[in-house]
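Hi,

Here is the structure you were waiting for. Please open it alongside this email, and I will walk you through what turned up.

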Amino acid sequence: MKISSLTALVTGGASGMGEATARHLATCGAKVIILDQNIERSKQVAAEIGGMAISCDVTDEKNVQEAIEAGTKQFGVPRICVNCAGIVQAKRMAGREGPLPLADFEKVIRINLIGTFNVMRVAAFAMTKSDPIDQTNARGVIINTASVAAFEGQIGQVAYSASKGGVVGMTLPAARELAQFGIRVMTIAPGLVDTPMFAALPNAARNKLAEAVPFPKRLAHATEFAQLVQYIIENDMLNGSVIRLDGALRMQ
Ligand code: NAD
């Protein structure tokens with residue numbers, strides 16, 4: 001799919017990989033709609049790229065429906081949907097303070113998995129109701145964000161890994177279901193990416209993590225995620241699978 005002049009929806013577009021993706025797709029000629037809870041930062045990014053910012057909690061059914069309708073009214077039906085909104089959590093399931101409260105587990109599942117599904121289902125429906133954009137009958141592409149934690153979760157990541165495993169699991173059935181409409185579904189599983197999510201870690205811990213990456217021995221840049229998003233959109237054969245973006249990192 002050619003990106004130029006298409007509308008792209010990016011959740012979590014106020015920060016990190018979502019922000020890098022919003023900026024990159026705008027340079028590729030897309031009209032970008034940012035959906036994020038952080039509306040102040042979303043507005044700043046949108047203003048810089050000629051895009052649109054909509055305050056949105058991805059876990060809220062009505063909020064997402066209305067946000068996508070508002071974005072469509074101004075920029076047209078999104079043909080690209082990139083789900084980056086997410087949170088991280090490091091808490092043991094059976095720690096010193098007792099069993100992990102169910103609410104903590106639910107929160108991560110709700111934002112990372114249900115939030116991704118919520119946006120994907122509304123964006124996909126809008127795409128199915130729109131005309132094909134080229135002679136291959138393509139209508140759009142959805143790209144979700146998992147994590148290598150879906151495959152090699154660490155201690156304290158039971159909830160996070162479950163949420164990202166769910167995102168991985170949705171990829172193939174969603175791609176199969178939407179194939180008849182010419183809509184592709186892909187997932188990116190990043191390793192360690194230098195974003196505000198990581199900024200909270202002390203330098204020593206960041207350096208130690210970077211050492212674990214075989215090559216290149218560093219955290220990934222958010223722009224490398226955005227480049228992969230571009231490649232997935234442009235390569236029509238990429239569908240129904242998960243791409244790791246991790247420098248060969250396999251967490252112990
Ligand atoms: P980030 O914290 O920089 O950005 C996340 C964005 O999501 C923020 O702008 C935040 O406001 C938004 N957000 C959070 N909850 C939301 C909600 N309920 N509704 C709407 N917006 C919400 O994080 P990042 O590092 O860019 O991470 C992006 C995605 O990549 C996440 O899903 C994360 O789990 C995943 N990931 C990150 C890394 C990493 O190393 N940084 C690695 C693997 C996967």
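This is a predicted model: local features need pLDDT of at least 70, side-chain atom pairs count only at pLDDT 80 or more; totals for chains, interfaces and linings use all residues.

**Overall fold**

The protein chain contains 8 helices and 11 strands. Its radius of gyration is 18 Å, close to the 18 Å that the globule rule gives for 252 residues, so the chain is as compact as a globular protein of that length.

**The ligand site**

Where does the ligand sit? You will find it in the largest pocket. There are 28 residues around the ligand, and the ones that come nearest are Ser15, Met17, Asp36, Tyr160 and Thr195.

- Aspartate 57 uses its side chain, with a polar atom 3.0 Å from a nitrogen atom of the ligand.
- Cysteine 84 comes in through the backbone, where an N or O atom lies 3.4 Å from an oxygen atom of the ligand.

How much of the ligand does the protein bury? Taken alone, the ligand exposes 830 Å², and the protein buries 92% of that.

As for what the shell is made of, 15 of its residues are nonpolar, 10 are polar and 3 are charged. Helices α1 (16–27), α5 (158–178) and α6 (196–199) each supply at least two residues of this shell. Which element gives the most? That is α6, with 3 residues.

**Two spots in the backbone**

Two places are worth a look when you trace the chain. The peptide bond from phenylalanine 215 to proline 216 is cis, with omega near -10 degrees. To find it, go to the loop between α7 (203–211) and β10 (220–221), which is where proline 216 lies.

The other place is asparagine 137, which has a positive phi of about 70 degrees although it is not a glycine. Asparagine 137 is in a loop too, the one between α4 (102–128) and β7 (140–145).

Best wishes

Key
Residues are numbered from 1 along each chain as its sequence is written. Side-chain values use heavy atoms; hydrogens and water are left out. A residue is near a molecule or strand if one of its heavy atoms lies within 4 Å of it. A polar contact is a pair of N or O atoms within 3.5 Å; within protein, one must be able to donate a hydrogen and the other to accept it, and residues adjacent in sequence count only if both atoms are side-chain atoms. Accessible areas come from the Shrake-Rupley method with a 1.4 Å probe; for residues, only the protein chains shown count as cover. On a 1 Å grid over the protein atoms alone, a cavity is a set of points where a 1.4 Å probe fits but cannot get out, and a pocket is an open set with protein on both sides within 12 Å along at least five of seven lines; lining residues have an atom within 4 Å of a point. A molecule sits in a cavity or pocket if more than half of its atoms lie within 2 Å of its grid points. Helices (H or I, at least four residues) and strands (E, at least two) are DSSP runs, numbered from the N terminus. Ala, Val, Leu, Ile, Met, Phe, Trp, Tyr, Cys and Pro count as nonpolar, Asp, Glu, Lys and Arg as charged, and the others, Gly among them, as polar. The radius of gyration is taken over C-alpha atoms; the globule rule is 2.2 Å times the number of residues to the power 0.38.
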